Amino acid sequence: MNKIDVLQNLQQVFSIELKTSKILVVGLGKTGMSVAAYLRQLGLEFALVDSRKNPPFNDVLLERMPDVPVFTGHFEPAIFSLATHLVVSPGISMEEPVIQEALARGVIALSDIDLFACSTNKPIIAITGSNGKSTVTTLLGVMAKEQAVPVAVGGNLGTPALDLLDKAVQLYILELSSFQLERTTQLNAVASTVLNISEDHLDRYSGMDAYIQQKYKVFAGDGLMVLNSDDAVVLAMNNSEREVRTFSLLDEQADYHLMDREGERYLAVHQRPLLAVKDMLLLGRHNEANALAALALGHAVSFSDVAMCTALKHYRGLKHRMQFVADIRGVRWVNDSKATNVGACIAALEGIGGKDIILIAGGDAKGADMQPLVSVLESKVKQLVLIGKDSALIKQAVNNRLPVLEADSLEQAIALIEQNAHTGDTVLLSPACASLDQFANYQERGNCFVQAVQALEK
């Protein structure tokens with residue numbers, strides 16, 4: 001859309017006038033910076049405010065737009081009193097007193113996603129959920145590229161939505177958080193999904209009902225609804241007046257489901273097998289659900305089975321989250337460094353079929369009880385290799401119930417495993433502990449693992 005059309009849309013929907021509106025952008029992080037660049041391009045008058053003394057993009061803004069007023073350190077009511085419109089970044093609660101006072105005066109609030117929706121007539125796929133949304137978003141982007149569709153991927157993940165706007169793009173794929181959705185009214189995605197619902201962000205909401213209500217806003221408009229029929233809360237979002245497709249790990253009557261054929265498990269649609277699960281690089285039951293959701297969303301925009309299955313065969317996953325690294329002489333190496341607590345490690349182990357897992361665990365346990373890990377270790381792990389300062393804590397909990405090796409470093413652990421692993425084994429880095437005893441963060445730990453495995457591959 002051209003600038004004139006966008007301004008007309010903003011005037012019609014939000015009463016934004018080129019000459020008289022005064023827009024206050026609240027928050028100077030990635031989103032706030034993207035809003036500032038967008039408003040400057042349209043020639044609209046705006047200022048920015050942030051309660052932090054030195055917000056992340058303050059210096060960038062001063063360099064690029066030295067004439068734009070910026071107020072930092074606190075939310076000054078006098079600044080808000082001058083605004084006709086507020087664009088509030090997702091990280092800032094709408095319950096802030098100065099925001100509530102402005103709304104009570106009739107100031108119009110909108111989001112960067114509203115601005116985005118008013119600025120394109122190209123199809124949008126919108127993805128939210130408590131877990132898995134980043135994986136589905138990036139996987140769908142890979143599918144679009146296999147389909148040779150000019151695509152832009154971002155939102156809550158990676159690039160802010162407004163920075164994605166480009167005349168060459170034919171499809172936008174957006175990951176949206178509850179914080180983004182709660183202040184968005186203009187979204188009308190051609191297809192959208194809530195992948196699942198679990199307790200999250202209850203420090204920002206009055207309770208689960210309020211959180212669920214925000215997630216439901218992803219279905220605004222009249223596009224296809226993709227629902228997880230294994231999640232009762234999500235399934236209850238079904239709108240009988242809309243086109244709905246379901247996905248399930250448990251129910252073969254769902255539109256997208258798993259099925260067994262000749263001893264193999266397949267991703268399937270309407271009882272038609274599409275791809276053997278073993279042919280995906282992604283591991284874990286949760287990723288089988290993510291793959292089914294992506295297939296449903298892809299079919300909604302006419303992606304071919306061939307393109308989507310090719311993507312599923314090659315997509316390695318997000319870094320440090322059950323990320324496939326390599327297959328070396330029949331041994332699969334998987335980086336789940338983001339598993340910094342016991343629950344995340346248990347989920348990773350339970351998601352992998354079979355018992356041929358060699359697990360690298362340990363680090364800073366942060367005082368956590370390792371006992372809940374023991375039963376799943378017994379059932380899924382053939383060899384446990386421990387690293388880090390709290391390795392003795394895990395070893396004590398295991399109490400000789402399975403073979404344990406100890407290593408002084410992650411590199412040494414990999415060298416020990418390389419000598420003992422056999423074809424069919426899966427080597428999983430899923431530490432169940434934080435990384436700060438040996439690494440700057442879990443990313444550095446994961447990168448160290450990847451580099452060491454790649455050195456083996458060479």
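Figure 1. Pro-160 is buried, its relative accessible area being 9% (buried: under 20% relative accessible area, exposed: over 50%, partly exposed: in between, with a 1.4 Å probe and protein chains only). The model is predicted, so that local features need pLDDT of at least 70 and side-chain atom pairs count only at pLDDT 80 or more, whereas totals for chains, interfaces and linings use all residues. Residues are numbered from 1 along each chain as its sequence is written, and side-chain values use heavy atoms, with hydrogens and water left out. Pro-160 lies in the loop between strand S7 (151-155) and helix H8 (161-164); helices (H or I, at least four residues) and strands (E, at least two) are DSSP runs, numbered from the N terminus. Leaving aside residues up to four places away in sequence, Pro-160 touches Lys-30, Ser-34 and Gly-155, where contact means heavy atoms within 4.5 Å. Lys-30 is 130 residues from Pro-160 along the chain, yet their C-alpha atoms are separated by 6.9 Å.

**Figure 2. Thr-31 in helix H2.** With a relative accessible area of 17%, Thr-31 is buried. Beyond residues up to four places away in sequence, Thr-31 touches Ser-89, Pro-90 and Asp-112.

**Figure 3. The nonpolar cores.** A nonpolar core is a set of buried Ala, Val, Leu, Ile, Met, Phe, Trp, Tyr and Cys residues joined through side-chain atoms within 4.5 Å. The largest one has 52 residues, and Leu-10 and Phe-46 have the most contacts inside it. Helix H2 (residues 30-42) gives the most to this core, with six residues. Apart from this core lies another, of 40 residues, among them Val-136, Leu-267, Ala-296 and Ala-311. Leu-10 touches Ser-15, Ile-16, Tyr-38, Leu-42, Leu-44, Leu-115 and Cys-118, not counting residues up to four places away in sequence. In soluble globular proteins, nonpolar side chains tend to be buried together.

**Figure 4. Crossing of helices H7 and H13.** The axes of H7 (residues 133-146) and H13 (residues 305-314) come within 8 Å and cross at roughly 125°; axes are lines fitted to C-alpha atoms, for helices over the stretch in contact, and angles run from 0 to 180 degrees between N-to-C directions. The two helices are therefore oblique to each other (under 35 degrees is roughly parallel, over 145 roughly antiparallel, 65 to 115 roughly perpendicular and the rest oblique). Leu-139, Val-142, Met-143 and Glu-146 of H7 meet Ala-307, Met-308, Thr-310, Ala-311 and Leu-312 of H13. By class, the residues of this contact are seven nonpolar, one polar and one charged, with Ala, Val, Leu, Ile, Met, Phe, Trp, Tyr, Cys and Pro taken as nonpolar, Asp, Glu, Lys and Arg as charged, and the others, Gly among them, as polar.

**Figure 5. Packing of helices H14 and H15.** H14 (residues 342-351) and H15 (residues 371-380) pack at an angle of about 20°, with axes 10 Å apart, and are therefore roughly parallel to each other. Val-342, Cys-345, Ile-346, Leu-349 and Glu-350 of H14 make the contact with Pro-372, Leu-373, Val-376, Leu-377 and Lys-380 of H15. This contact of H14 with H15 comprises eight nonpolar, no polar and two charged residues. Within H15, Leu-373, Val-374, Val-376, Leu-377 and Lys-380 are buried. The buried residues of H15 pack against H14, strand S17 (357-361), strand S18 (381-386) and helix H16 (391-398).
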